[in-house]
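I opened this notebook to record what I looked up, one entry at a time. The structure comes first, then my notes.

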Amino acid sequence: MIKNRLIWFADFVDSHLCEDEFINRNIELKREHTKMVCLEMQRLCEILKLDPRLTELAMITALYHDLGRFPQIVEYRTFSDPQSCCHATESINVMNRNSLLEGLDETDSNAIKTAVKLHNKLDFDTESLDEKQLLLTRMIRDADKIDIYRVISEAYHEYLKDPQSYNRAIGFGDFEQKKATPEIAAAVIKGKPVLYAGVKTFTDRKLLHLGWLFQIHYDAALNRIHSRGYIKMLLESLPDCPLCCKVRTTVESYVKNRLALSAGIYEQKQKIT
Ligand SMILES: [Fe+2]
């Protein structure tokens, strides 16, 4: 079944291509992002040892989570939701318009829609979700973030190589503005989510991405982000102001402690089994 969905997805993406190089470049960026999120999702399914049915629902969620990005870039020429539309809502609109969840039972279809709706939210109320909704929501939020770290690190390196040509649609703002806004740094130090609305400088944007680390649910996802060097890259590129130094030590010790704890639990499990 997922094979037909992949064919539909490829056609859907192709239908947004046009004569405009800027649009096409960003469409390909999101096509690649979706592919990578699907791979990260597959990996999480294997680590969590999900059964084939839940794995299929998780893979559908990954494939459809960013459908709204394609009409968004064509219509608004940006991936900034505040400057255009909520792309998660638009993803659900695309799913509904194309009856993509037809044939699934209602609980499965609701779980996918809930996860897609919540995948980009700052935070969400875990109490209001049933078990399946919660699982898919946590998985897509983590799988999505793992790949966003890849996208931002590639964009940063692209910028360092050639500041003129880097892709502004990703919405990093001005790379030259290096000061950290104290409220943003303070939120990260406390492990609190950073609001997009408060982001003023490039350093703030990096702090926002570092703040996400406290929201990663699965240790396996945190380990993936860590082992790919994304955290190191973000931390090393922060300016040397006292606030950023405090962020650096806070994030480093949080990640170190959490990964050490999960490695310890894993070793214990290995001994028992
Ligand atoms: Fe998204």
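**Entry 1: a helix pair.** I am working from a predicted model. I began with helix α6, residues 106–118, and helix α7, residues 131–161. Their axes come within 8 Å and cross at roughly 35°. I noted the hand of the α6 and α7 crossing as right-handed.

Which residues make the contact? From α6 I listed T107, A111, I112, T114, A115 and L118. From α7 I listed K132, Q133, L136, T137 and I140. I then sorted the residues of this α6 and α7 contact by class. Six are nonpolar, four are polar and one is charged.

**Entry 2: the record.** I checked UniProt next. An unreviewed entry there lists "domain: HD" for residues 32–147. I looked at what the chain does over that range. Residues 32–147 are 67% helix and 0% strand. The end C-alpha atoms of this stretch are 10 Å apart.

**Entry 3: two domains.** I turned to the domain assignment of the chain. It gives domain 1 as 2–143 and domain 2 as 173–272. How far apart do the C-alpha centres of domain 1 and domain 2 lie? I wrote down 25 Å.

The two domains touch, with eight residues from domain 1 and eight residues from domain 2 in the contact. I followed up the domain 1 side. Both α2 (21–47) and α7 supply at least two residues each to the side that touches domain 2. The largest share of that side comes from α7, with three residues. So far, then, α7 has turned up in the contact with α6 and on the side of domain 1 that touches domain 2.

I also sorted that side of domain 1 by class. It has four nonpolar and four charged residues. It has no polar ones.

**Entry 4: the whole chain.** Last, I stepped back. How many helices and strands does the secondary structure of the chain come to? I recorded 12 helices and zero strands.

I then checked the overall build. The radius of gyration of the chain is 19 Å, close to the 19 Å that the globule rule gives for 273 residues, so the chain is as compact as a globular protein of that length. Along the principal axes, the C-alpha atoms fill a box of roughly 60 × 55 × 30 Å.

Note on methods. Residues numbered from 1 in each chain as written. Predicted model: local features only at pLDDT ≥ 70, side-chain atom pairs only at ≥ 80, totals over all residues. Axes fitted to C-alpha atoms, helices over the stretch in contact; angles between N-to-C directions. Helix = DSSP H or I, 4+ residues; strand = E, 2+ residues; numbered from the N terminus. Left-handed = near helix turned anticlockwise from the far one by under 90°. Contact = placed C-beta atoms within 7 Å. Nonpolar A, V, L, I, M, F, W, Y, C, P; charged D, E, K, R; others polar. UniProt positions renumbered as here; feature names shortened; annotations may be inferred. Domains from an automatic or database assignment. Rg over C-alpha atoms; globule rule 2.2 N^0.38 Å.
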